[in-house]
Amino acid sequence: MTSYHGTLGGLTDFGLSRNDHLICCLGVPATPQPQYVWCASLCAVAAASLTIDPARPLQTLTIPGLMPPGAERPLYVG
């Protein structure tokens with residue numbers, strides 16, 4: 001598990017440069033917290049859920065305690 005913080009263009013470039021089936025990368029906009037906090041929070045929530053039911057999908061889980069990106073840095077402007 002790893003994470004990458006940046007702009008939408010930076011996340012897209014990073015994602016296109018990766019070709020690895022063993023690494024899960026969480027791509028999020030730049031946030032006030034370091035990347036390792038996001039990774040640790042995601043792993044803790046996923047581990048707790050997967051302990052109960054290993055077949056449970058993880059995309060519906062919420063990760064509490066993370067600070068969102070600032071309002072001055074929108075992820076997408078359409």
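Mentor: A residue is called buried when its relative accessible area is under 20%, exposed when it is over 50%, and partly exposed in between. Keep in mind that this is a predicted model.

Trainee: Then is Cys39 buried or exposed?

Mentor: Cys39 has a relative accessible area of 13%, so under the 20% cut-off it is buried.

Trainee: Where does Cys39 lie?

Mentor: In helix α2.

Trainee: And which residues does Cys39 touch, leaving out those up to four places away in sequence?

Mentor: Met1, Thr2 and Ser3. Take Thr2: Cys39 and Thr2 are 37 residues apart in sequence, but their C-alpha atoms are 6.1 Å apart in space.

Trainee: Let me step back. How many helices and strands does the protein chain have?

Mentor: Two helices and two strands. Along the sequence they follow the pattern β-α-β-α.

Trainee: What share of the residues counts as buried?

Mentor: Of the 78 residues in the protein chain, 19%.

Trainee: What about contacts between residues at least 6 apart in sequence: what share joins residues at least 24 apart?

Mentor: That share is 49% in the protein chain.

Trainee: Switching to aromatics. How many aromatic pairs does a search of the whole structure find?

Mentor: One. The pair is formed by Tyr4 and Phe14, and it is stacked, at 4.2 Å centre to centre with 0° between the planes.

Trainee: Which parts does the pair tie together?

Mentor: Tyr4 lies in strand β1, residues 2-5, and Phe14 lies in helix α1, residues 8-17, so the pair ties together parts that are 10 residues apart in sequence.

Trainee: How accessible is Tyr4, and how accessible is Phe14?

Mentor: Tyr4 has a relative accessible area of 28%, which makes it partly exposed. Phe14 is partly exposed as well, with 25%.

Trainee: While we're on helix α1, what about Gly10?

Mentor: Gly10 is found in helix α1, and at 22% relative accessibility it counts as partly exposed.

Trainee: Next, pockets. What volume does the largest pocket have?

Mentor: About 160 Å³.

Trainee: Which residues line the largest pocket?

Mentor: Met1, Leu26, Leu42, Val45, Ala46, Leu58, Gln59, Leu61 and Ile63. By class, the lining has eight nonpolar residues, one polar and no charged ones.

Trainee: Which helix gives the most to that lining?

Mentor: Helix α2, residues 35-52, with three residues. Cys39, which we started with, lies in helix α2 too, and Met1, one of the residues Cys39 touches, is also among those lining the pocket.

Trainee: Last topic: what comes after α2? Where does Pro64 lie?

Mentor: Pro64 lies in the segment after α2. Pro64 is exposed, with a relative accessible area of 63%. From Pro64 to Leu42 the C-alpha distance is 9.3 Å, and the two are 22 residues apart in sequence. Leu42 is one of the pocket-lining residues.

Trainee: And Gly65, is that one buried or exposed?

Mentor: Exposed: Gly65 has a relative accessible area of 66%. Gly65 has its place in the segment after α2. Gly65 and Leu8 are 57 residues apart in sequence, and 23 Å apart in space, C-alpha to C-alpha.

Notes. Residues are numbered from 1 along each chain as its sequence is written. This is a predicted model: local features need pLDDT of at least 70, side-chain atom pairs count only at pLDDT 80 or more; totals for chains, interfaces and linings use all residues. Side-chain values use heavy atoms; hydrogens and water are left out. Helices (H or I, at least four residues) and strands (E, at least two) are DSSP runs, numbered from the N terminus. Buried means under 20% relative accessible area, exposed over 50%, partly exposed in between (1.4 Å probe, protein chains only). Contact means heavy atoms within 4.5 Å. Rings of Phe, Tyr and Trp (its six-membered ring) pair if their centres lie within 6.5 Å; planes under 30 degrees apart count as stacked, over 60 as edge-to-face and the rest as tilted. On a 1 Å grid over the protein atoms alone, a cavity is a set of points where a 1.4 Å probe fits but cannot get out, and a pocket is an open set with protein on both sides within 12 Å along at least five of seven lines; lining residues have an atom within 4 Å of a point. Grid points are joined across faces, edges and corners, and a volume is the space filled by probe spheres set on the points. Ala, Val, Leu, Ile, Met, Phe, Trp, Tyr, Cys and Pro count as nonpolar, Asp, Glu, Lys and Arg as charged, and the others, Gly among them, as polar.
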